[in-house]
Every structure is written in structure tokens, then in C-alpha cells.
Amino acid sequence: MADSLRRLVNTSSFSVLQDKLESWYKDYHVVSCDQNLNRCCELVELTAKIQSQLFNILNLTAREGGHYGGVDTLKSRLLPWLGTCFSMATPSVTTDTSLNLIQESVEKERKIRVLSASHDEDMNKMEAQLSSTRLQLDSVKQELSDAHMVLDDTKNKSATTLLATEDEILQLKDELRAAQDQLEVYKRKVDVLDDYERQVRLLRDEVIFLTAEKSMLQERLIRSRSPSPPLRRSRSPSPMRGESPTRARLTLSSRHARLLSRYGDMYAVERLEAQSMLRRYHDDLEMVQRILFIATVESFQAAKLAFRQFRLRVRKTLSPAHLGPGTLEEAALDYITRNLDLYDVQASVNEVINAMNVNPRISFPREVDFVLISSFIREVCRVAFAMQTLDPPLDLAFASDGELYNDTRYRRSYDSEFTAPLVVYHVWPALMEGDFVLVKGEAVTRRGALWRSRSRSSSPVRSRSGSPTRTLVFSHNRSLSSGRLTTSLL
């Protein structure tokens with residue numbers, strides 16, 4: 001009996017049965033029905049084999065007890081169990097409890113095996129890390145000893161070099177002092193030469209400007225004597241059109257006089273050309289004159305805004321390298337005056353046209369675009385931008401429809417009612433320098449000006465969608481202007 005029991009223990013039949021049950025549980029929902037039935041039959045067969053061995057052991061044990069040994073046990077436990085179809089009911093431990101105990105013992109054994117395996121693996125890793133750390137420590141010790149040796153050699157060499165270079169340092173100091181004295185002498189000579197060159201450049205610029213003014217005056221004289229003057233004058237001799245950078249070196253008074261003359265020319269020539277252009281598409285002279293006045297005012301506003309932005313960019317670029325002798329504001333204004341060609345005039349033209357498209361005082365055919373007068377707007381923007389470089393800058397007088405007529409700022413147009421006290425609309429704005437009027441504007445006065453201005457303000461807004469081509473040109477010109485500004489400053 002003992003041998004049979006030992007063989008049953010050594011075969012670990014219950015462990016095999018438990019492993020097969022776990023494997024079947026994991027794959028129960030994956031395999032087919034036939035495979036599940038085969039596994040169940042296999043477990044039943046294994047259970048039957050185990051029960052056969054147990055009954056064999058039971059038989060051997062009963063024989064060892066003799067005829068009457070174990071009779072009570074067989075009567076009280078085996079026979080009732082066989083009578084109830086193998087449903088054993090013990091008074092102390094139920095079937096579920098015994099199965100739970102078996103399962104817990106199997107789980108504990110498995111955990112012990114896993115823990116022992118992980119412990120062995122951790123120990124191997126720690127031993128490997130310890131050996132690698134020892135190797136690194138030995139290499140660091142070797143490097144430290146080498147560094148100590150190099151440091152000792154460097155100390156010895158530096159001590160000998162320091163003694164040898166003291167005399168050379170004294171000699172170099174003497175040579176540096178002599179070179180500085182010679183440099184001061186050269187600087188004085190260069191300053192004197194720069195003054196001479198500056199005076200020569202100023203004289204040349206004055207000559208160029210006077211020559212341009214002379215040619216312009218001669219052209220006006222020829223045009224005034226001609227019986228049939230041309231509609232559009234030549235603009236090539238105008239100093240404002242030139243792209244020469246020397247115009248920034250002209251004196252303030254000469255630039256002031258030139259801009260005033262150019263403002264008068266725009267009223268006499270460009271305004272009339274733009275007016276004749278618009279009259280081809282709209283017969284209302286009053287509305288055409290209103291459009292040109294609004295275009296002039298919006299051009300000055302756009303040019304002033306562009307000048308402020310341009311000045312901020314110039315100041316930001318010059319501030320790191322500015323050393324004098326003047327202030328940073330003077331240097332920025334001088335740079336802008338020398339580089340008026342960097343002004344992105346097309347961007348201002350686009351802004352003016354967009355502002356005019358949504359102006360409620362303009363009533364114009366929607367199919368006609370204000371690009372027709374873009375050349376006039378461009379010239380006004382250039383002149384307005386150049387006027388901002390003066391000290392003090394020039395600006396337009398404030399004007400509104402229905403205001404009281406001011407004889408110091410405006411003159412009446414030929415078709416005005418000279419006894420009317422109120423302004424119906426403005427033809428040309430007045431140019432101001434602070435509170436002083438430099439160039440008078442032109443206004444139209446009639447009776448009932450206040451009622452007319454209110455009826456004009458109640459007209460619907462003229463809205464236009466911006467052209468994608470013009471928007472693209474606006475962005476492209478702005479990027480080109482920023483790039484040219486940075487290149488010029490560098």
C-alpha cells in the first residue's frame with residue numbers, strides 16, 4: 001500500500017489535472033466545441049485513472065486491517081457516498097471548501113516558484129551591475145591619476161613661462177601706448193578730411209537741387225507762354241521723382257520750399273488730370289471733387305501712419321549700433337530722409353483705395369474702380385510722406401462738410417455763393433505747419449450747406465470686395481520694403 005501511495009504522489013497527478021483545467025479555462029472561448037468536449041473527456045479519463053489508483057490503495061488498506069478492520073469507516077463514509085451517486089457530504093468540510101483549499105495550495109506553490117525565479121534573476125542582474133561598476137571605478141581612478149600628472153606638468157611649465165613673459169608684457173604696453181598716440185593723430189586728420197568732404201557734398205547737392213529748380217521753372221515759363229499747354233506735364237525733372245539718395249542732404253529750407261511747390265503743382269496739374277479721368281465715368285462734378293478731396297485726405301493719413309511705422313523700424317534697427325553724436329531720433333529721421341525710396345507707397349495706395357470703397361460720402365458707380373486715380377493717390381502719398389521728414393512736419397487742416405467758412409484757410413471756388421457762410425464741400429485741403437496756414441485750400445459755399453451735408457451723410461455705404469490680386473501685391477510690396485530697409489541699414 002505504501003508503494004502505491006508513493007507512486008501516486010510522485011506522478012503528481014493532481015498537479016497535472018490542475019494545469020489541464022487552467023489551460024482549458026484560458027482557451028475555452030477560443031477553441032471549438034469539439035475541442036472543448038475532447039478536453040473535458042480527457043480530464044474525465046485522468047480523474048478516472050486517479051480514482052482507480054485511490055480505490056486500489058483503499059483495497060490494500062482494507063486488507064491490511066483484516067476481516068473487521070475499517071468496517072465502520074466503510075459503512076459510515078464509502079457506502080453512503082456510493083449510494084448518493086458519488087456526492088460525498090462530510091460533516092465538517094464541504095466539497096467547495098476542499099476544492100478551494102486545493103486551489104489555494106496550488107496557487108501558493110506557483111507563486112513561490114515565480115518568486116524564487118525572479119529572486120535568482122535579480123541577483124544575477126545585481127552581480128552583473130556590480131562587476132560593471134567596479135570596472136568603471138577602476139577606469140575613473142586611472143583617469144584621475146593621469147589628470148594629476150598632467151596638472152603637475154602644466155604647473156611647472158606655467159611657472160617658467162610667467163617669468164619669461166613679464167619683460168615682453170612691459171614692452172608690448174609701451175608699443176600699445178605709442179600706437180594709441182599715433183591713432184589719435186590719424187583720427188584728427190580723418191575728422192578734418194570728413195568735414196571737407198561733407199562740405200563738398202553739400203555744395204554739390206545744392207547745385208543739383210538748384211539745377212533741378214531751374215529746369216522746372218524754365219518748363220513752367222515755356223508752358224505759360226505756350227497758347228495750348230499740354231494736358232499732362234512731364235514729371236521727369238521734378239526733384240520728388242528722383243531716386244537719388246543725395247536729396248536727403250539738401251537743407252531743410254530748400255526741401256520745405258520744394259515740397260510746398262510740389263503741393264501746388266498737384267492741385268494745378270495732377271488734380272485736374274484725375275478730375276478729367278473721373279468725369280468720363282461720372283457727370284456729377286461735385287461728387288468727383290469730393291472723391292479727389294477724400295483721396296487726398298486719406299492719402300495723408302495713410303502716409304503719416306506708414307511714416308510712424310517706418311520710423312519705429314528704423315529706430316529699432318539703429319538703436320544697438322547708435323553712438324552719436326546726435327540723438328537716436330535725429331539719426332532715424334536723417335536715415336529716412338536719405339532713403340525715401342524705401343517707402344512702400346503701393347501699400348499706402350491700397351489702404352487709401354480700401355478706405356474710399358467704404359466711405360459713406362462717396363456715391364460712384366460700382367463697376368468703376370478707384371484704381372483709375374491710383375497715380376494721383378501715389379503722388380499725394382509720396383509728398384505727404386516727405387512732408388513728415390520736415391521739422392516741424394506739415395499736415396492738412398481739419399475739414400468737415402457744413403462747417404463755418406474760414407477765409408484764412410480757404411478760398412471760394414468760382415461757382416460758390418460768396419455770401420453763404422457755410423461750406424458745402426471742400427475741393428482741396430489747406431496745408432498747415434502747426435497753427436499757421438502755408439497753402440490755402442479751396443471750398444464751395446452755398447445756402448443750405450448744413451442740410452446738404454446731412455443728406456449726403458445719410459446715403460448708403462459703398463462697399464467693395466477687395467481684389468485678391470491687389471492684396472497679393474500689397475503683401476509682396478510690404479515684404480520687399482522690409483527686406484530693402486534691413487539691407488540698407490546693414
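This is a predicted model: local features need pLDDT of at least 70, side-chain atom pairs count only at pLDDT 80 or more; totals for chains, interfaces and linings use all residues.
I started with helix α7 (residues 285–318): 34 residues, spanning 49 Å from first C-alpha to last, close to the 50 Å expected at 1.5 Å a residue. The expected span is 1.5 Å times one less than the number of residues. Helices here are DSSP runs of H or I with at least four residues, strands are E runs with at least two, and both are numbered from the N terminus.

Residues are numbered from 1 along each chain as its sequence is written, and side-chain values use heavy atoms, with hydrogens and water left out.

I looked at the start of α7 next and found a side-chain oxygen of Asp 284 within 3.2 Å of the backbone nitrogen of Glu 286.

Then I went to the sheet. I found an open one of three strands, antiparallel, in the order β1-β4-β5. β1 (395–396) and β5 (436–439) are at the edges with a single partner strand each, so one side of each has no neighbour in the sheet. Pairing takes at least two DSSP bridges between strands, and β1 has two to β4 (residues 431–433). I checked Asp 395, and its bridge partner in β4 is Met 432.

What lies across β1, β4 and β5? I see helix α6 (residues 252–279), running at about 65° to β5. The angle is between N-to-C directions on a 0 to 180 degrees scale, from lines fitted to C-alpha atoms, for helices over the stretch in contact (heavy atoms within 4.5 Å).

Last, the tally: I get 12 helices and six strands for the protein chain.

Key:
A polar contact is a pair of N or O atoms within 3.5 Å; within protein, one must be able to donate a hydrogen and the other to accept it, and residues adjacent in sequence count only if both atoms are side-chain atoms.
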